[in-house]
Amino acid sequence: MTCDEADVLLHALMDGELDAGHARDVEDHIAGCPRCAAALRDYREMSKAISEAGMSYTAPAALRQRIEAALPQPRQAPNRRAVLRGFAMGSAVSALAATGLVAIVLRQDDIERIQSEVVSAHLRSLQAGHLTDVISTDQHTVKPWFNGKLDVSPPVIDLTAQGFTLIGGRLDYVDARAIGAVVYRRRQHVINLFVSQTSSTEQRAAKTNTIQGFNIRHWSDRGLNYWAVSDLAKDELAEFSEKFESAMRAPG
Amino acid sequence: MPIKASDDPEKARRFREAALPYLNDAYTLARYLLRNAADAEDAVQECYLRAFRHFDGYRGPAMKPWLFAILRNVCRAEYARRATTPVSAIEDVPESAEQAPLWQEAEETPEAQLQHRWDADTIRRLVAALAEPFRETFVLREIQNLSYREIAEVAEVPVGTVMSRLARARAMLRSAWLAEEEQQK
């Protein structure tokens, strides 16, 4: 192999784009050619310096907002008939009615948008086959399932004795990032629990809002933000979050 | 062309999930291609609106190169608009330039070796000084981590051209890198 050939092919070598045969040819050439060896060493050094320097830019928030605003918005009023159609078509799981408990990280100025996204995620989960990725009534099955899928390990607590049955878990998508949903059920109502981290450790008392006919209960505790979305009455949703919090505080 | 109100919100939701995670990548590429923050913002916004309009027909390749191909066309259009200032125009490099020997000075200084790790700002300045289309190929490979085949799709050239452009880009950057070290001495 000539230096002219190696000049091009050593890049394919360092980028992992060469088949084994050609890679050996290039390596043979480099072994006997100080000039090409020095070049390859420098290119690798540059490549490493570039990846470690952090050469990416972050899109301005205003750009994201402009793009969001230009796209058609999600339905403002939930179409109850569409939700019911999902039940009629769906599996046994989707035949359950709707409750969601959601916990995610967010900045204060994003709260309204997040709440709307949370409701959308909740509605999506009610469509046939969308409710759970892992189906289990065992917290020791659901919790490990999240490992490696998220940057946070959502608390998974069996509240069957308190009247809320654990039925599974799901990855969902809120605020342009993956979050975990733990799914519970009360009577004919489904509960989704979405979890991710918050940067603040401050504790925030639970507060309930109503969006698109669903109740959302939100609180923060020990580095996690929680959002509850539900078509349960507010008092039952409050009961759920209280049971959940007291179980979190319970030893063991 | 404005997006019609009749467009399906479900389509918008799928598009958001598929395309918005690459917003920072798209913005980064636009910054390197256009070398101007305001133009990059405009180009990325236009890219996303075009991508949404064509999203019905999207069947792959991977979302990132697909978006990049659209973004690159938007950036080229922007350059065409700027054609009155040809200094910054993206132009296809003449054949002769593509086929010129890659790195001649290295033969004179075979022992030349990078000594210094530059910070991001310095590297950005060195990369920004690369001529198109070498800068484009280099950024797609080194900063966006695209494969040669994906780069070929984005830049609409054969893989062999990607390889020769990348080789030349790295050789030029190495030269600039060493020159920067000389200046600091």
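Which residues of H3(A) are buried? In this predicted model, they are Cys36(A), Ala39(A), Asp42(A), Tyr43(A), Met46(A) and Ile50(A). Looking down the axis of H3(A), you will find these buried residues within an arc of 125 degrees, so they line one face of the helix.

H3 of chain A covers residues 34-53, and its 20 residues should span 28 Å at 1.5 Å a residue; the end C-alpha atoms are 28 Å apart, which agrees. After H3(A) comes Gly54(A), with a positive phi near 75 degrees.

Now for the interface. Here, 38 residues of chain A are in contact with 48 residues of chain B. H3(A) supplies the largest share of the chain A side, 13 residues. Helix H1 (3-14) and helix H4 (61-70) of chain A also give two or more residues each. By class, the chain A side divides as follows.

| Class, chain A side | Residues |
|---|---|
| Nonpolar | 22 residues |
| Polar | six residues |

Finally, the nonpolar cores. The largest has 65 residues, and those touching the most other members are Ala26(B), Ala30(B), Val44(B), Cys47(B), Leu67(B) and Leu71(B). Helix H10 (residues 159-184) of chain B gives the most to this core, nine residues. A second, separate core of 35 residues includes Ile157(A), Val174(A), Tyr226(A) and Leu237(A).

Definitions and conventions:
Residues are numbered from 1 along each chain as its sequence is written. Chains are lettered from A and ligands numbered from 1 in the order in which they are written. This is a predicted model: local features need pLDDT of at least 70, side-chain atom pairs count only at pLDDT 80 or more; totals for chains, interfaces and linings use all residues. Helices (H or I, at least four residues) and strands (E, at least two) are DSSP runs, numbered from the N terminus. The expected span of a helix is 1.5 Å times one less than its number of residues. A residue is buried if 20 or more other C-beta atoms lie within 10 Å of its own, exposed if 12 or fewer, and partly exposed in between; C-beta atoms are placed from the backbone. The arc is that of the directions from the helix axis to the C-beta atoms. Two residues are in contact if their C-beta atoms, placed from the backbone, lie within 7 Å. Ala, Val, Leu, Ile, Met, Phe, Trp, Tyr, Cys and Pro count as nonpolar, Asp, Glu, Lys and Arg as charged, and the others, Gly among them, as polar. A nonpolar core is a set of buried Ala, Val, Leu, Ile, Met, Phe, Trp, Tyr and Cys residues joined through C-beta atoms within 7 Å.
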